[in-house]
Amino acid sequence: MDEDRAVEAAASAWPGPSRRRRLIEFLLHASTRLDLRPVVKYTALSFFADRLLPSLPRKMGFCGARGGRAVTSWLLEPLRDSNLELFALVAVWIASKIHELKPLSVKSLKALGDRIIADQHFTCRDFANAELVFMEVVEYNIGSLNIAFTYLEELLVQFREISKIGDLLNMDVCMEILDILYETEDSSWLFNSPCQLAASALVTAYAISVAKQRWEFPILPWVTFTTSYDEEEIMKVVLTILMHVLKPDEMKGKGERDFNI
């Protein structure tokens, strides 16, 4: 039992905060270079950060982790950073196939990879092989509806339909919040409940980007009514987000009364 717990702990520590952050920054940089639409970008992030990375320990069997059918490939043995960056581009490729009428071509992704992946040039065939490995590791789980961005976009549309205050809420602020949370490993658990995260990110963006004098709309009661989450649950996540988005000294001494929204 102790050995199994040690194995689980080792697997859960994968890939480590600094390595994970570098990989997320790589995917965000690639998204900017490719000028991706937000829905493609956040679908790719979900595929890569929420599904591929957590699945790799068990699928590869490293750290003694067990579970599911093992996946073998030269792309996984050894698992270099350049290979993980290839998988990040593959996540973008898959997401573009789902959301774009004209998906990204493998040649365009290869050209970008040649410029931003260090120490390795992958062929178009390598991209195709990586896509197959990617799909095996995530067990073909590429549904794109249950992601935070999709819920966030829907909530913002509803908000703007019922109140002019919604026009003051900038979607870029909402997306910046999601980017920061993705880059921070100790906040990655928030993406396990994408609808709750979307509701909390909307409330956070409202508190940050709308002047307090314009807080006319009861955003928190409306969000809890719309999503069926308790106000207390939403506020806990909002405060967690604020701790990551704002500097720690800006949060000192602040409680829920300072964010009475």
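The model is predicted: local features need pLDDT of at least 70, side-chain atom pairs count only at pLDDT 80 or more, and totals for chains, interfaces and linings use all residues. Residues are numbered from 1 along each chain as its sequence is written, and side-chain values use heavy atoms, with hydrogens and water left out. The chain has twelve helices and zero strands. Helices are DSSP runs of H or I with at least four residues, strands are E runs of at least two, and both are numbered from the N terminus.

**Overall fold**

- From the N terminus on, the element order reads α-α-α-α-α-α-α-α-α-α-α-α.
- The chain has 261 residues, and 50% of them count as buried. Buried means under 20% relative accessible area, exposed means over 50%, and partly exposed lies in between (1.4 Å probe, protein chains only).
- Among contacts in the chain with a separation of 6 or more, 73% come from residues 24 or more positions apart. Contact means heavy atoms within 4.5 Å.

**Packing of α7 on α9**

- Helix α7 spans residues 148–162 and helix α9 spans residues 194–209; they pack at about 50°, with axes 8 Å apart. That angle makes α7 oblique to α9.
- Axes are lines fitted to C-alpha atoms, for helices over the stretch in contact, and angles run from 0 to 180 degrees between N-to-C directions. Angles under 35 degrees count as roughly parallel, over 145 as roughly antiparallel, 65 to 115 as roughly perpendicular, and the rest as oblique.
- The α7 and α9 crossing is right-handed. A crossing is right-handed if the near helix is turned clockwise from the far one by less than a right angle, and left-handed if anticlockwise.
- On the α7 side, the contact uses Ala148, Tyr151, Leu152, Leu155, Leu156 and Phe159; on the α9 side, it uses Pro194, Cys195, Leu197, Ala198, Ala199, Leu202 and Tyr206.
- By class, this contact of α7 with α9 holds 13 nonpolar, no polar and no charged residues. Ala, Val, Leu, Ile, Met, Phe, Trp, Tyr, Cys and Pro count as nonpolar, Asp, Glu, Lys and Arg as charged, and the others, Gly among them, as polar.

**Packing of α7 on α10**

- Helix α10 covers residues 219–227 and packs with α7 at about 125°, with the axes 12 Å apart. The two helices are therefore oblique to each other.
- The crossing of α7 with α10 is right-handed.
- Leu155, Gln158, Phe159 and Ile162 of α7 make the contact with Ile219, Trp222, Thr226 and Thr227 of α10.
- The contact of α7 with α10 divides into five nonpolar, three polar and no charged residues.

**Ser200 in α9**

- Ser200 sits in helix α9. Ser200 counts as buried because its relative accessibility is 0%.
- Neighbours within four places in sequence aside, Ser200 is in contact with Ile234, Val237, Val238 and Ile241.

- Ser55 belongs to helix α3 (residues 38–60). Ser55 is partly exposed, at 22% relative accessible area.
- Ser55 and Val137 are 82 residues apart in sequence, and their C-alpha atoms are 6.4 Å apart.
- Asp186 lies in the loop between α8 (171–183) and α9. Asp186 is exposed, with 52% relative accessible area.
- Asp186 and Pro17 are 169 residues apart in sequence, and 8.1 Å separates their C-alpha atoms.

**Backbone features in loops**

- Glu77 and Pro78 are joined by a cis peptide bond, with omega about -5°. Pro78 lies in the loop between α3 and α4 (81–99).
- Asp119 has a phi near 70°, a positive value in a residue other than glycine. Asp119 is in the loop between α5 (106–116) and α6 (124–137). Asp119 counts as exposed, at 80% relative accessibility.
- Ser228 has a phi near 70°, a positive value in a residue other than glycine. Ser228 is in the loop between α10 and α11 (231–245). Ser228 is exposed, with a relative accessible area of 63%.
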